[in-house]
Amino acid sequence: MPVPGPGYSITVRVEAPPSASAAGDLTSAVGRVGGVLTAFDVVESHADAIVVDITANVVNADHVEHVREALDALPGVRVRKVSDRTFLMHLGGKLSVSPKVQLRNRDDLSRAYTPGVARVCQAIAANPADARRLTIKRNTVAVVTDGSAVLGLGNIGPAAALPVMEGKAALFKKFADVDAWPVCLDTQDTEEIIKIVKALAPVYAGINLEDIAAPRCFEIEKRLREQLDIPVFHDDQHGTAIVVLAALRNALRVVGKEIEDCKIVVSGAGAAGSAIMRLLMHKKPGDIIAADINGIVHLGRSDLDENLRWLAENTNKDNVSGTLHDALVDADVFIGVSAPNLFGADQVATMAPDAVVFALANPDPEIDPLEAQKHAAVVATGRSDYPNQINNVLAFPGVFRGLLDAQAHEITDEMLIAAANAIADVVDDRLNASYIVPSVFDSAVAPAVAEAVKNAARKSGVAG
């Protein structure tokens, strides 16, 4: 199912004869091996040759070699270099620090640094709450990870996680003007992580936990929320849950169903799946059936940890057992945050009429979206190359913008629900089966979410 996309984009510099057919020959060669041409630029022209940069989307490293070989095989053509545009974007990292004040002369230096800064330090020492007003704390979030559950890559460690955290910080700035900074910890010990985050918290007005494996992430978030006076938000849990709730609200509008009448099956009972189910429970669905690698979560299972036991006690009202395929029978909604290729069109056919399928495993979903569409009325994925992308970028920038603007000390479920409603409302009268959530580039999303979260924080009594 993988298709060429901008996440694996290459630029191939080739030398070719200056014939009238050169451009057609080169582009046709790329197309024959399945590359998707996105740019063709002549960078040098000589009497006996031209030098061309061909930019194309491919699938993987093997596909790159197929493109190279196809071009090299053309008469008179020589491939000079192949550049990976994703790696080029990451050279030197994606973030920098720039001062917000000018330091032009001794006068400026005396106020920004010594001796003038000492008076500001004394003011904060006398009234620590002034740190939000007089330092970067008012608009700064720590993006904290231990590298134990990065994307679909697993436990790759803090250094390898850094490009993801940099990207997260860039998204914070782009969509909500929040200053975020990666904090990649070289420990996967729960107690050490809690201790470190508590120690660095004075610099930040919020903590965004990211890519920390379950079940440790539950304990870390719970205890940090108890011990810190700033909001702690695990995006893999709550960011995903917010966007899923928003998308489900609109999907059920499309098919004309009420959530109270729906049987919802969730594949994946880790961080994201558990948070989705806990948030959905506020909407009182007809039933939720959780399934993981060992099948349906029910009270008779002998492998229940604390999280799974809570799910078994609070979902699956008839305590049914069996496989994911068994759970799908007569289900109105499927939500997958688990693993690729778990079922096909035949299983979707056993679901209730006008079924909703959210297959969110990335990059390869639980079911091929084209297969799901054979029987489901609404299909969503986590991918950008299909309609209805369920993407956390719709949530976390606006959520933190609202938290910071409210000077919130914690985050509540009411605030998460408010964020979901705001995302769903942005769609408005554009709603249809292929458009249940707005684009991540819709400029209305982050401000709407921020305003909703800020208002909910004030109503909940957690605003500063």
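Okay, let's start with T315: this residue is buried, with a relative accessible area of 6%. Buried here means under 20% relative accessible area, exposed is over 50%, and partly exposed is in between, using a 1.4 Å probe on protein chains only. Quick housekeeping: this is a predicted model, so local features need pLDDT of at least 70, side-chain atom pairs count only at pLDDT 80 or more, and totals for chains, interfaces and linings use all residues. Residues are numbered from 1 along each chain as its sequence is written, and side-chain values use heavy atoms, leaving out hydrogens and water.

So where does T315 sit? You'll find T315 in the loop between α12 (306-314) and α13 (324-328). Helices (H or I, at least four residues) and strands (E, at least two) are DSSP runs, numbered from the N terminus. And what does T315 touch? Leaving aside residues up to four places away in sequence, T315 touches M281, D287 and I288, where contact means heavy atoms within 4.5 Å. The T315 side chain also reaches the backbone oxygen of L311 at 2.6 Å.

Now over to strand β5, residues 140-145. Six of its six residues are buried, so β5 is largely enclosed by the rest of the structure. In a regular strand, side chains alternate between the two faces of the sheet. For β5, T140, A142 and V144 are buried on one side, and V141, V143 and T145 on the other.

Who are its neighbours? β5 pairs in parallel with β6 (residues 179-184) over six bridges; pairing takes at least two DSSP bridges between the strands. On the other strand, β7 (residues 206-209), four bridges join it to β5, again parallel.

Terms used. A polar contact is a pair of N or O atoms within 3.5 Å; within protein, one must be able to donate a hydrogen and the other to accept it, and residues adjacent in sequence count only if both atoms are side-chain atoms.
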